[in-house]
Amino acid sequence: MTTRGRKIVLAASDSESSEYLRSTWRQMLLAAMPARYANFLGVDWSSFNEVASDGQAKYVPHGLRVVEALLLRDFSADDIAVCYADQLDRFVGDETRVVGVHAHNPLGITFATDVYAGLYGRECEPVNAVEFRRLITHPVLRRHKPHLKLVVGGPGAWQIEHKGMQDEWQIDCLVDGEAEDIVRPLFRAAVSGQEIPRKFEGHSPGLESIPRIRHRSTFGVVEITRGCGRGCQFCSVALRSGKSIPLPQILDNVRTQVAEGADAIMLTTEDLFLYEQGPRFRTNRPALKLMFESVAAVEGVRYVGLTHGTIAPAVVDPSIIEELSPVAVGMSVHRHEASTHPDKRYAMMFVGLETGSVRLFKQHMKGKSYPFRPEQWPDVVLKGMEVMNRHNWFPMCTFILGLPGERPEDTRQSLDLLFALKDAKWCVIPTLFVPLDETRLGTRKSARIAELTDLQWEFFFTCWRYNLDFFRKSPWVQWRFNLGVPAYYYLLGRRLVGGAMKYPLLRLGHFPERWMRRRLYLDFSGRAAPGYRVPHSVPIPDRMYRPELPILES
Ligand code: B12
Ligand code: SF4
């Protein structure tokens, strides 16, 4: 049987589209979990993506919705279908000319993903990679390849070039970076059968080029800013020029999501505190508050979630956190016993802490602490965490192990900072350095699991020990886990990475500290106090920086 198909088909993989239980955690787990063991660990994802009655996807990653909105300026809705892998053969047919695929993390080789799958063996791929391959090698694409062009774009498109998979997957064009100015001419050319370039580099578009979306995005993602000027050398979004999306456009996008069944909105940004910022990264408190309250007031919105934010603004002006909390905490989907909110809710925001080493901080990310100096970074982290926790913000923080030039004393400083955060309410995710293409560290060497030092393993597993202790639900599960730790080490871990992980891993499994005291840097026996303390206040050294002035007057 032949299908006519749609002229343009847009697709995203199941694991990148999933919003099961409104849990970003779960989606991130899918990105990091070894596919081979996913079923065994009881993790399902495909069956949870909802499909509309005509077979189209109910929600896909926001970037693909932006592409769709741009294409709807040149093509009619009947020319375009947006779907998941399982429905591709309903829409790709004889008349299809372009298939556009979104790639968030297509090979699972970015921060935090391959490291976790790698703990199960080199040949273990994360779920994301397996799901993306299932989509991009779908038989219907091969069958109709002679008359269609395959275009892949999204924040992870670089991974395909990096791993040399473009030809094997018969991808005609890879689009790297922001695509507002590229999509329309590219798809018009492809639809009319013209040759298209093998690769396009996107550049930051003008604000007016970013369209209002027409259909629902995964997790109700609504962009509030794009770009970030803090300039961290390992970060790809550092290269995007900064802008805030106008409030009417934000609210239209919220209404679009709600009209299609979303009850949760995720305010998406590289840094929440950059929204309508003033000079020198000054937080625009009134604008932020108005935006939060306006989004929360849209009928049908039950939950509001956050993506990323820096920690320095919470130290500059703690009242920002307090003022945003009625929405950020009160409408959060997350709950934890440690919250003092009446419904036990807490706000979760991704915060990149990355290192405790002032030397590495200065070298690779000194803009992150502004208006504070790099030397104040540990104080900024400790004070910022105190402020956030006080208002029931339990951030999810990342650290990067193996940054270029990392020495043992740098890892020790990160361990010292980690130890000082032992009572914090947070989740801490250790990741390994990955040189993202086109970043300033793009040509440097990746950190590798097999080369981690014993100090780095100690950092890695101490983070997870904190997380287990903070998020543990049942002592029975914990007990089973503790027993599994030595089994994992002797059956697999030792063979994969050698002995460097042994004692840190035993700490993860709650083995008595007296067995490990002489083998590990941090003393968990209770006799040693952390080297850092939460400061009473952190002075702002830049006299030109005047947080007390209203934005317009500074
Ligand atoms: C929201 C978000 C999430 C959410 C929701 C993800 C989802 N599936 O919808 C959550 C929290 C779940 C998440 C998880 C992860 N994320 Co995420 N996420 C983001 C965030 C903050 C916003 C994405 C977004 O919607 N941006 C706005 C849209 C408009 O931008 P865009 O997607 O890039 O789309 C543009 C272009 O890429 C292009 N485009 C997009 N699709 C297509 C398709 C075609 C055909 C074409 C031509 C063009 C095109 O056009 C768009 C307009 O310019 C970004 C950071 C950022 N600000 O972009 C990180 C980011 C994309 N995530 C990242 C990572 C690493 C992850 C995880 C792997 C984290 C982890 N270790 O677990 C997981 C993977 C999850 C998964 N299963 O895929 C990295 C990607 C790094 C990389 N380049 O490889 C980013 C850049 C964050 C960072 N700074 O490190 N993420
Ligand atoms: S602060 Fe965050 S988004 Fe901005 S450049 Fe640094 S890592 Fe990237």
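**A kinked helix and what follows**

Reply: Just past the end of α19, Gly498 adopts a positive phi of about 85°. This is a predicted model. Helix α19 itself covers residues 475–497. The helix is not straight: a kink of about 55° is centred on Tyr489. Tyr489 is also one of the buried residues of α19.

Now the ligand. The shell around ligand 1 holds 44 residues, and Glu16, His104, Pro155, Glu180 and Glu270 come nearest. By type, the shell divides into 18 nonpolar, 19 polar and seven charged residues. Domain 1 (8–207) and domain 2 (216–394 + 523–554) each give at least three residues to the shell.

Three polar contacts deserve a look. A polar side-chain atom of His102 sits 2.8 Å from a nitrogen atom of ligand 1. For Trp158, a polar side-chain atom lies 3.0 Å from a ligand nitrogen. Ser15 uses its backbone instead: a polar backbone atom is 3.2 Å from a nitrogen atom of ligand 1. Several elements give two or more residues to this shell. They are α1 (14–17), α2 (24–32), α4 (62–71), β3 (98–102), β4 (149–153), α9 (158–162) and β7 (221–223). The largest share, five residues, comes from α4.

Conventions. Residues numbered from 1 in each chain as written. Chains lettered and ligands numbered in written order. Predicted model: local features only at pLDDT ≥ 70, side-chain atom pairs only at ≥ 80, totals over all residues. Heavy atoms only, no water. Near = heavy atom within 4 Å. Polar contact = N/O pair within 3.5 Å; in protein donor to acceptor, adjacent residues only side chain to side chain. Helix = DSSP H or I, 4+ residues; strand = E, 2+ residues; numbered from the N terminus. Nonpolar A, V, L, I, M, F, W, Y, C, P; charged D, E, K, R; others polar. Domains from an automatic or database assignment. Bend = angle between axes of the 7 residues up to and from the residue. Buried < 20%, exposed > 50% of the residue type's maximum accessible area, 1.4 Å probe, protein only.
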